[in-house]
Amino acid sequence: MPDGRTTPRAQPSLERIKAGLLRTTETLAIELAHPTGDTPDWNALEWRLATAAAVAHGVAGQLHTYVHWSNPEWTRFLESQHDHVARRHERIDTLLQRIDTQARGIGVPLVALKGTALHAIGIYAPGERPMADIDLLVSEENQEYAGAMLESMGYVLSFAGWKHRVYKPADNANVVCLGEHRDTPINIELHTRIQERLPVATVDITSCIYPRSPAPGINSYPSHGALMSHLLLHAAGNICNRTMRLIHLNDISLLAARMVRSEWLALWGDGTTESPWWALPPLLLVSRYYTGAVPPSLLYELESECRGPLRFASRHLTLTKASCSELWLHAWSGIEWSRSVREAGQFALNRVRPSAQARQERADMVRTQLWLQASPWVTATLWRRALAWLKHPVTRMDTMYVVRAALEQTSPAWTQRPGPAVTT
């Protein structure tokens with residue numbers, strides 16, 4: 001455990017960090033799903049890595065509420081995170097009210113997505129679930145009006161990607177800290193489609209999410225089933241890209257507890273969309289930790305619609321393997337999601353020869369994400385990265401960023417003091 005001294009210490013070996021992340025991540029996942037109260041027998045490094053895992057997986061607030069371990073410093077860390085998340089929630093709620101009022105004034109309907117919707121239906125209390133930003137869905141014909149509205153509220157367009165446009169406060173100033181901070185700027189992501197690349201072809205479920213008769217202002221999802229469809233597609237994209245978070249599994253398990261059998265039929269949409277084969281991997285992962293959360297009959301139905309390679313891989317998937325808790329980068333991760341040999345070939349070609357759009361997306365990430373800007377890896381040429389892979393395993397930049405932030409904390413209580421910034 002940290003002793004409060006500021007004497008520099010050598011960074012542990014990557015193998016120790018990898019093993020520590022595996023142990024702490026899986027312990028946090030199991031304990032959050034079925035709390036026992038048994039304090040883990042972790043060494044000092046593992047307790048620090050646990051703070052990194054809790055932050056990266058967005059579950060410090062949930063751990064504070066439901067998991068009570070006999071470790072004063074850990075408890076103070078969770079209390080601090082819970083307080084920051086709760087105070088940030090107040091700011092987000094106030095901003096949502098402003099957006100609702102402005103959107104009503106100009107006659108633009110919006111749908112508040114994911115975390116905002118979960119809070120609105122009482123799945124979480126303030127302080128229990130962090131939100132990195134506000135996600136809003138708007139029709140394509142109203143996108144420009146919504147963008148102009150956000151700009152009139154003091155926001156500027158940061159970048160436009162294939163999934164959404166990201167707006168940031170004009171006076172944006174990132175807070176440098178480990179984990180959540182009440183003063184972190186609140187970004188707004190404006191979507192016109194609800195879609196994911198899995199891994200090449202796009203799955204689009206917008207027709208299931210957007211209300212048939214939306215009113216000006218902020219609208220809710222048409223049903224719990226529609227919200228679940230979005231959570232599962234988002235989780236599928238995260239698993240495909242190895243960016244899954246424990247809080248996403250928690251979201252799905254808590255919403256599933258409120259759903260009746262008929263509401264799951266929303267996964268199949270209105271009959272005009274393809275089968276929800278993509279829902280099987282996240283549901284299998286949820287059922288691995290949250291026993292009984294997913295109806296067995298639903299898993300049985302989805303298995304018949306999911307291709308063999310992905311079905312097999314999903315049965316052996318763990319949270320660590322599907323998330324940033326896996327320390328090493330894997331060049332071909334996600335290829336098992338390909339639905340044909342041709343698509344797998346296109347996936348491999350995209351890795352070897354990225355498209356102009358992919359290169360632009362990478363440049364946008366480097367420009368806007370703090371955790372990428374200090375790393376030479378992301379700006380290296382493709383061949384230099386390939387050569388590095390041949391020489392030795394390559395660590396994930398997002399993982400090492402939060403790990404370093406946790407290791408460099410000097411306060412015994414891990415309070416919010418200046419240190420490396422983390423965006424998770």
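In strand β5 (residues 187-191), the residue bridged to R165 is L190. Strands here, like helices, are DSSP runs numbered from the N terminus (E, at least two residues, for strands; H or I, at least four, for helices). The model is a predicted one, where local features need pLDDT of at least 70 and side-chain atom pairs count only at pLDDT 80 or more, while totals for chains, interfaces and linings use all residues. Residues are numbered from 1 along each chain as its sequence is written, and side-chain values use heavy atoms, with hydrogens and water left out.

Strand β3 (residues 155-160) and strand β4 (residues 165-169) run antiparallel and are joined by 5 bridges, with a hairpin of 4 residues linking β3 to β4. The pairing of β4 with β5 is antiparallel too, over 3 bridges. Two strands are taken to pair if DSSP finds at least two bridges between them.

Zooming out, these strands belong to an open sheet of 6 strands with mixed pairing, in the order β3-β4-β5-β2-β1-β8. At the edges sit β3 and β8 (217-219), each pairing on one side only. From one strand to the next the twist averages 35°. Helix α4 packs on this sheet, touching β1 (109-112), β2 (133-137), β3, β5 and β8, and its direction makes about 115° with that of β8. Contact means heavy atoms within 4.5 Å; axes are lines fitted to C-alpha atoms, for helices over the stretch in contact, and angles run from 0 to 180 degrees between N-to-C directions.

Helix α4 (residues 72-106) also carries W74 and F77, 3 residues apart, or about one turn of the helix. Both W74 and F77 are buried (under 20% relative accessible area; exposed is over 50% and partly exposed in between, with a 1.4 Å probe and protein chains only). A search of the whole structure turns up 7 aromatic pairs. The ring centres of W74 and F77 are 5.8 Å apart with the planes at 40°, so this pair is tilted. For the record, rings of Phe, Tyr and Trp (its six-membered ring) pair if their centres lie within 6.5 Å, with planes under 30 degrees apart counting as stacked, over 60 as edge-to-face and the rest as tilted. Ring pairs tie W42, W47, W69, W74 and F77 into a cluster.

Elsewhere, helix α10 (residues 280-289) packs against helix α11 (residues 296-303) at an angle of about 145°, the axes being 10 Å apart. The contact involves L280, L283, L284 and S287 of α10, and L298, L299, L302 and E303 of α11. T318, in the loop between α12 (308-315) and α13 (319-322), is buried with a relative accessible area of 13%. Leaving aside residues up to four places away in sequence, T318 touches E26, L285, R288 and Y289. M397 lies in helix α18 (residues 397-407) and counts as buried at 18% relative accessibility. M397 and L327 are 70 residues apart in sequence, yet 8.9 Å apart in space, C-alpha to C-alpha.

Overall, the protein chain has 18 helices and 8 strands, and 54% of its 424 residues count as buried. Among contacts in the protein chain with a separation of 6 or more, 74% are between residues 24 or more positions apart.
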